[in-house]
Amino acid sequence: MSRQLIIFSFIFLSSMSAQDLPDWYVNPPKEEGQLFGVGSGDLRMKAILMALVEVGQGRLDSLNAQIYESTSFAETDTVSEIIKEISFFSLGDFTFNVSIEQETMEKEGKRTTENFEFNIKLMFSSKDVKSSINYYFKEEDEAVLSDHLEIVFLGMDETKLIEELEENGLDLKFARGPNGDYFALASIASDLVK
Amino acid sequence: MERHSMILSLILLLSALFAQEPPTGGIPDWYLDLPEVDGKYRSVGMGQYRMQAVLDAIAALEANYQSIVEGRQETFTNEDVGQWDGITNTLTTGKFMKEYTNDEFSLESRTSSFIQEKGDGSDSEIWESFEAIYHLKYGTKDQEYAFLQSFFKESGVDMDSEIQQKFEALFQNMDETVFFERLGQYGFSFQFARDDQGRHYALISVDE
């Protein structure tokens with residue numbers, strides 16, 4: 001899992017104790033030739049998207065682009081770092097895009113996250129059936145400015161979407177925590193993810 | 001003209017029947033014959049997708065119990081060329097879901113049917129068209145929003161008709177799980193099944 005999403009998951013799970021979490025979430029399985037990803041969220045669909053982010057990042061060439069900027073301010077003894085990452089993968093008729101941007105500030109040896117945002121897009125298109133899922137999250141100075149999920153289905157629904165993911169080789173497993181939060185485990189043969 | 005009204009009624013009935021596929025195995029008993037349960041409002045629906053079946057079941061619930069139907073029927077006869085046209089439009093605003101969910105869920109449907117008969121007696125040719133759109137909206141102040149829409153159209157000459165169906169759904173800050181949870185909070189419960197052809201069936205139930 002990328003550093004940025006580890007942070008996001010940490011924020012989300014900070015109110016939970018380890019025993020509230022499914023075993024496979026705490027210790028995701030490992031198997032040669034298989035990619036695994038776990039995700040969590042207040043909606044089942046968000047948990048699926050997060051798990052897919054991890055599946056994509058499990059590939060050797062997962063990162064398609066990374067931009068790193070570092071600026072030092074001598075007067076105030078601060079260092080600003082901006083990291084932008086864009087990754088993309090396809091799975092049969094699905095395409096998956098993730099862009100993450102994080103700005104951190106280091107002052108007198110103390111590091112703080114100033115801005116953090118990510119955008120996840122899962123698209124599916126086959127004949128006259130389409131779906132588009134877009135999840136955008138933005139946090140600034142530890143305040144959540146946007147947490148928006150939009151799902152559009154044309155000629156399908158969520159049940160059909162999950163069936164299509166499974167038909168494309170993805171195995172999904174779900175669990176729910178005591179607070180109603182969702183956990184998802186996704187696994188797939190690594191050669192099916194392009 | 002009485003005959004034409006009968007034909008129109010028949011078309012509406014046939015159109016409803018055409019929406020259903022031929023019977024196959026695995027259709028749940030409760031879909032074929034829904035038993036009444038004291039103290040419960042219940043209805044069933046069917047669709048290619050699970051949410052389409054849910055929308056169909058909600059539309060049936062509205063139709064069975066409470067809805068306001070506005071309709072308009074027009075007929076045109078041209079004796080010179082032996083042609084008769086009939087147009088019927090309806091707009092149905094559901095009250096049931098609104099009342100049970102504090103206006104958070106609302107269902108509307110529009111139907112439109114057109115029939116044209118040319119000629120007389122057994123030589124006459126009938127062209128018919130029927131279309132129906134159902135949409136269910138859900139929205140709250142905390143920005144959860146859902147919109148489900150089902151479209152059905154059948155048109156053609158006599159029994160040689162063409163059917164078009166579309167289903168669309170939009171969810172914002174929620175997904176289908178939340179959709180069912182919100183309905184569950186208002187006392188609605190669901191039962192689902194699939195037949196051998198993969199079609200979905202839904203039974204919706206709520207206390208009177």
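Of the 194 residues of chain A, 32% count as buried, a residue being buried if 20 or more other C-beta atoms, placed from the backbone, lie within 10 Å of its own. In chain B, buried residues make up 28% of the 208 residues. This is a predicted model, in which local features need pLDDT of at least 70 and side-chain atom pairs count only at pLDDT 80 or more, while totals for chains, interfaces and linings use all residues. Residues are numbered from 1 along each chain as its sequence is written, and chains are lettered from A and ligands numbered from 1 in the order in which they are written.

**The two chains**

- Chain A has four helices and nine strands; helices (H or I, at least four residues) and strands (E, at least two) are DSSP runs, numbered from the N terminus.
- The order of elements in chain A, from the N terminus on, is α-α-β-α-β-β-β-β-β-β-α-β-β.
- Chain B has five helices and nine strands, in the order α-α-β-α-β-β-α-β-β-β-β-α-β-β.
- Two residues are in contact if their C-beta atoms, placed from the backbone, lie within 7 Å.
- Of the contacts between residues at least 6 apart in sequence, those joining residues at least 24 apart make up 52% in chain A and 57% in chain B.

**Where the chains meet**

- The contact takes 16 residues from chain A and 16 residues from chain B.
- On the side of chain A that touches chain B, two or more residues each come from α3 (44–57), β7 (143–154) and α4 (158–167) of chain A.
- The largest share of that side, seven residues, belongs to β7(A).
- By type, the residues of that side are eight nonpolar, three polar and five charged; Ala, Val, Leu, Ile, Met, Phe, Trp, Tyr, Cys and Pro count as nonpolar, Asp, Glu, Lys and Arg as charged, and the others, Gly among them, as polar.
- β7(A) and strand β7 (residues 160–172) of chain B run antiparallel and are joined by five bridges; two strands pair if DSSP finds at least two bridges between them.
- A:Leu154 stands opposite B:Glu168 in β7(B).

**Helix α5 of chain B**

- The buried residues of α5(B) (residues 176–185) are B:Glu176, B:Phe179 and B:Leu183.
- They lie on the same side of α5(B) because they cover an arc of only 50° around the axis, taken from the directions from the helix axis to the C-beta atoms.
- On the other side of α5(B), B:Glu181, B:Gly184 and B:Gln185 are exposed, with 12 or fewer such C-beta atoms within 10 Å.
- The cover over the buried residues of α5(B) includes α4 of chain A, together with α3 (50–64), β5 (125–139) and β6 (145–157) of chain B.
- B:Gly187, which follows α5(B), has a positive phi, near 95°.
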